[in-house]
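Welcome, and thank you for joining this short tour. Please open your viewer and keep the selection tool at hand, as each stop begins with something to pick.

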Amino acid sequence: NLNGLSESLGLLEDIEMSANSAVEVLNEVLQYDKIERSALKLELSMVEIFDTVEKTVSEFKLPAAKKEIHLKVTYEADNSNNTRHATQAGDEIVVVSSAGDLPRHVRDLYAVADSSRICQIIRNLVSNALKFTSNQGRVLVRISYCNAPIMNSLKHRQQTRSGKRTSKGSDGSKVTVKLNNGDKIDVEPRGHVLMTICDSGAGMTSEQLDSLFGEGVQFNADRLQGGNGSGLGLHITKNLIEQHHGTLDAHSEGLGRGSTFTLSLPLFSAPDYKSFQENFVPCSPNDSFTQRNLRILVVDDVLSNRKLLCRLLERKGHRCDMAENGQRALDAIKSDTEGGYHCILIDFEMPVLNGPDAVRRIREDLGCDVFIVGVTGNMLTEDVEYFISRGANCVLPKPVQLPILEELLVEHGV
């Protein structure tokens with residue numbers, strides 16, 4: 001019965017939407033808790049910011065199309081290689097539709113940032129623009145390179161909130177940054193990237209703008225958000241941007257007249273790092289995550305969970321084995337004859353042997369250094385820390401978001 005099938009699919013979509021909304025709220029509450037305790041640490045790396053923005057914004061093409069919203073993305077930069085001074089009147093401004101078409105001297109710049117947090121920031125701002133824009137509306141995303149420093153954003157501190165030390169220096173002078181992998185890189189400030197997200201949506205009053213980045217702030221939540229959301233998203237986003245020495249501002253001409261959010265992040269040149277990247281030759285042509293299929297062990301006591309996750313991963317070209325508890329996972333690893341797994345996705349609460357205890361035995365008894373991701377609904381801070389203390393590399397909430405999992409695998413070189 002096609003009508004019955006269509007109705008069932010609709011119900012499944014509603015269930016997925018509700019589950020994702022609940023996970024999003026929980027994650028925001030947990031991140032807010034870390035911010036309040038000054039425990040939210042940045043895992044710094046050299047981020048190719050223009051490519052990162054392009055990849056992240058592209059995730060919203062389908063959601064925009066479903067609402068018949070015109071989503072337009074442009075990139076702007078001056079075409080001179082004058083990276084020390086602000087753009088002068090008369091300089092040629094290049095406007096392109098792809099990050100790859102920007103001038104070389106712009107594409108060679110980096111943000112010293114936590115790549116996963118940068119993606120989170122961009123997703124939050126773009127998804128908000130789509131959420132609060134009516135069907136057949138417009139969202140314009142403009143990414144500009146400005147070769148002047150952000151006011152007050154490049155004050156070098158002896159120690160950042162992320163715990164990474166940097167050497168002191170005046171604006172424009174070289175700075176040494178310590179990345180999450182332990183590398184120390186000499187970088188030099190080279191202006192900033194300005195990202196503007198302009199929508200034709202609900203708009204805001206001046207009073208709403210004054211309280212916009214506060215804790216738990218929501219405007220007409222039932223009408224505009226279907227009662228969903230925690231009201232913490234923009235508060236967290238602004239905090240993350242400020243931890244990156246950037247700025248976030250909002251502007252609106254009033255209700256019904258749309259909103260504009262403007263994000264800025266400092267950029268740096270790193271000739272030594274770029275030279276290393278260009279001369280680096282991987283040990284194998286298959287070292288790239290995108291060039292090979294991974295063997296993944298999925299461990300969960302619920303059969304439907306195992307099957308669904310395996311099906312999603314297999315659609316990406318990966319090979320999956322399943323185990324219904326921690327003991328079966330140990331048995332699978334010990335009896336494996338194909339060279340081992342690249343990754344293990346393991347649940348927390350399971351009969352016979354739970355996830356954290358299984359992870360400890362994988363590390364200690366088997367001496368296995370496989371990349372392990374805890375996958376669980378137990379996302380309270382103490383549960384996550386416990387999972388990691390037993391040997392998990394990281395923990396993700398259910399349901400697993402494949403783009404986030406893939407980012408983690410790439411980031412950790414799996």
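Start by selecting Val53, which is found in helix 2 (residues 49-58); helices here are DSSP runs of H or I with at least four residues, strands are runs of E with at least two, and both are numbered from the N terminus. Val53 counts as buried because its relative accessibility is 3%; buried means under 20% relative accessible area, exposed over 50%, and partly exposed in between, using a 1.4 Å probe and protein chains only. This is a predicted model, in which local features need pLDDT of at least 70 and side-chain atom pairs count only at pLDDT 80 or more, while totals for chains, interfaces and linings use all residues. Residues are numbered from 1 along each chain as its sequence is written, and side-chain values use heavy atoms, leaving out hydrogens and water.

Now show what surrounds Val53. Leaving aside neighbours within four places in sequence, Val53 is in contact (heavy atoms within 4.5 Å) with Ile122, Ile143 and Met195.

Next, pick Phe50. Not counting residues up to four places away in sequence, Phe50 touches Tyr75, Ala99, Leu102, Val106, Ile143, Tyr145, Val193 and Leu267. Which residues touch the most other members of the largest nonpolar core? They are Ile49, Phe50 and Met195, in a core of 46 residues. Such a core is a set of buried Ala, Val, Leu, Ile, Met, Phe, Trp, Tyr and Cys residues joined through side-chain atoms within 4.5 Å. Colour helix 5 (residues 115-131) to see the largest share of this core, seven residues. A second, separate core has 22 residues, including Ala329 and Phe387.

Just after helix 13, Gly391 takes a positive phi of about 125°.

For a last stop, select Lys398 and Pro399, which are joined by a cis peptide bond with omega about -10°. Pro399 lies in the loop between strand 14 (394-397) and helix 14 (402-411).
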